[in-house]
Amino acid sequence: MHYQESRATFTRQMHETAGMANSRRTFSDVRNKILSAHKNTGAQDKVGFYDIWAENYEQDVALLDYRAPLLAAECVSSFFTGDREKATVLDVACGTGLVSAHLKKMGFHHFVGVDGSMTMLELAKKTGLYQELKQCLLGHDEISVEAEIYDIVIIVGALSVGHVPFTVIRELCDVTKPGGYVCMTTRGNADNWQYKAELEKMIRALEEEQKWSRVTVVQVEEWERAVSEEGSGYIPGVIYLYQKSL
Ligand SMILES: C[S@@+](CC[C@H](N)C(=O)[O-])C[C@H]1O[C@@H](n2cnc3c(N)ncnc32)[C@H](O)[C@@H]1O
């Protein structure tokens with residue numbers, strides 16, 4: 001994968017999109033916004049935070065140089081060998097639709113989105129990308145989608161401490177078609193360290209149960225710009241791609 005080249009394209013595209021919202025926002029605004037989210041500990045609180053952030057989300061993540069949606073989409077695209085025109089994609093914690101927008105450019109057409117925030121879902125609806133959008137508080141409500149019908153199930157930017165509980169990945173595996181792909185991402189910075197270790201333990205447990213097998217695990221050094229005091233520069237992230245057993 002040509003991450004550097006993709007990054008330049010992605011950042012340019014995001015800034016073009018971001019130009020439509022409040023163009024006066026700065027990296028410092030984004031930093032304060034994200035650090036304020038650390039106070040929201042419950043799932044309902046976190047979703048409320050996204051309800052408020054929704055309006056500025058895309059321009060803010062552009063300032064953050066948030067590369068996860070493009071990198072995860074590229075990862076899936078480079079391993080998917082089926083018919084893209086027919087493939088069905090479940091975009092979990094879809095937010096405003098960045099992941100599906102990238103997958104659409106890579107030849108995928110059928111998207112269903114799930115998210116806890118109604119305001120994010122309303123913005124996702126405006127993209128016209130999704131056949132269906134569902135509100136669901138992951139970890140609390142069961143994902144109300146049909147089991148074993150999705151060729152690709154993808155969750156980006158939501159498996160991290162204070163967001164979606166890692167136990168949800170069993171449900172993601174259940175709704176994937178046998179032979180289909182599950183793509184997951186997480187952050188590799190210090191505040192997410194324990195969550196990441198537990199997520200990886202659960203990924204391995206599902207492997208031992210022969211529910212899925214590893215396709216690739218991609219370590220990315222420059223996932224997004226660091227916002228916490230501890231860091232400068234970028235924080236790392238990881239993409240996990242698994243294939244559901246037949
Ligand atoms: C960082 S955004 C990622 C959105 C999109 N996947 C992307 O990469 O741009 C995290 C998303 O997860 C959603 N979210 C967080 N916790 C959730 C939960 N427990 N249930 C459902 N959605 C949740 C938020 O509403 C938000 O849209």
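I began with the term for the entries on atom pairs: I call a pair of N or O atoms within 3.5 Å a polar contact. My model is predicted, so I kept local features only at pLDDT of at least 70 and side-chain atom pairs only at pLDDT 80 or more, while totals for chains, interfaces and linings use all residues. I number residues from 1 along each chain as its sequence is written, and side-chain values use heavy atoms, with hydrogens and water left out.

Contacts. I found a polar side-chain atom of Asp115 at 2.6 Å from a ligand oxygen. The side chain of Tyr57 has an N or O atom 2.8 Å from an oxygen of the ligand. For Val156, a backbone N or O atom lies 2.8 Å from a ligand nitrogen.

Burial. The ligand alone exposes 590 Å², and the protein buries 98% of that (accessible areas by Shrake-Rupley, 1.4 Å probe).

Shell. I counted 21 residues around the ligand, and among those coming nearest are Ala93 and Leu138 (near means a heavy atom within 4 Å). The shell divides into 15 nonpolar, 5 polar and 1 charged, with Gly counted as polar and Tyr as nonpolar.

Placement. Why does the ligand lie between domain 1 (3–63) and domain 2 (68–244)? Both domains give residues to its shell; their bounds come from an automatic or database assignment.

Terms used
Polar contact = N/O pair within 3.5 Å; in protein donor to acceptor, adjacent residues only side chain to side chain.
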